[in-house]
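Here are my notes on this model, point by point. Please keep the coordinates open while reading.

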Amino acid sequence: MMSEPLKVFVVTDHALLRAGMEAVLDTQRGRFRRVGHATALGADTAPWEGLQPDLVLIDLALDTAA
């Protein structure tokens with residue numbers, strides 16, 4: 001029985017890091033499916049709201065001053 005790929009949302013403000021993470025995810029399309037990305041996290045609402053990802057990859061060094 002084949003299972004659905006995990007839906008992944010990527011959060012980072014570094015374009016090169018985001019591109020690298022998305023490239024790795026794309027090589028594993030049977031296991032992962034990108035559902036979106038964001039460059040910041042909002043205080044009142046998560047940018048992935050409504051997308052229902054299974055996994056959210058968040059950059060721990062995200063610039064929160066923006």
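Which residue's side chain meets that of Arg29 in a salt bridge?

1. Asp26 is the partner, at 3.8 Å from N to O. The term salt bridge here means a side-chain nitrogen of Lys or Arg within 4 Å of a carboxyl oxygen of Asp or Glu. Arg29 is exposed at 58% relative accessibility. Asp26 is partly exposed, at 26%. The classes are buried for under 20% relative accessible area, exposed for over 50%, and partly exposed in between, with a 1.4 Å probe and protein chains only.

2. Before going on, the basis. This is a predicted model, in which local features need pLDDT of at least 70 and side-chain atom pairs count only at pLDDT 80 or more, while totals for chains, interfaces and linings use all residues. Residues are numbered from 1 along each chain as its sequence is written, and side-chain values use heavy atoms, leaving out hydrogens and water.

3. Back to the charges. Asp26 also forms a salt bridge with Arg34, and the closest N and O atoms are 2.9 Å apart. Arg34 forms another with Glu22, at 3.4 Å between the closest N and O atoms. Arg34 sits in strand E2 and Glu22 in helix H1, so this pair ties together parts 12 residues apart in sequence. Glu22 is buried at 13% relative accessibility. Arg34 is partly exposed, with 35%. The whole structure has 3 salt bridges.

4. Next, the fold. The protein has 1 helix and 3 strands. Along the sequence the pattern reads β-α-β-β. Helices (H or I, at least four residues) and strands (E, at least two) are DSSP runs, numbered from the N terminus.

5. The sheet is open, with 3 strands in the order E2-E1-E3 and parallel pairing. Strand E2 (32-38) and strand E3 (55-58) are at the edges with a single partner strand each, so one side of each has no neighbour in the sheet. Neighbouring strands are turned by 25° against each other on average, direction ignored. Pairing requires at least two DSSP bridges between two strands.

6. How many bridges join E1 to E2? There are 6, and E1 (residues 6-11) runs parallel to E2. Leu6 has Phe32 as its bridge partner in E2. Val8 stands opposite Arg34 in E2. The chain passes from E1 through H1 to E2, and this β-α-β crossover is right-handed. That label applies if, with the strands pointing away from the viewer, the path from the first strand over the helix to the second runs clockwise.

7. Helix H1 (residues 15-27) lies across E1, E2 and E3, and runs at about 165° to E2. Axes are lines fitted to C-alpha atoms, for helices over the stretch in contact, and angles run from 0 to 180 degrees between N-to-C directions.

8. Finally, the totals. Buried residues account for 20% of the 66 residues. Among contacts (heavy atoms within 4.5 Å) between residues at least 6 apart in sequence, 71% join residues at least 24 apart. The accessible surface is about 4,900 Å², with 57% belonging to carbon and sulfur atoms. Areas come from the Shrake-Rupley method with a 1.4 Å probe.
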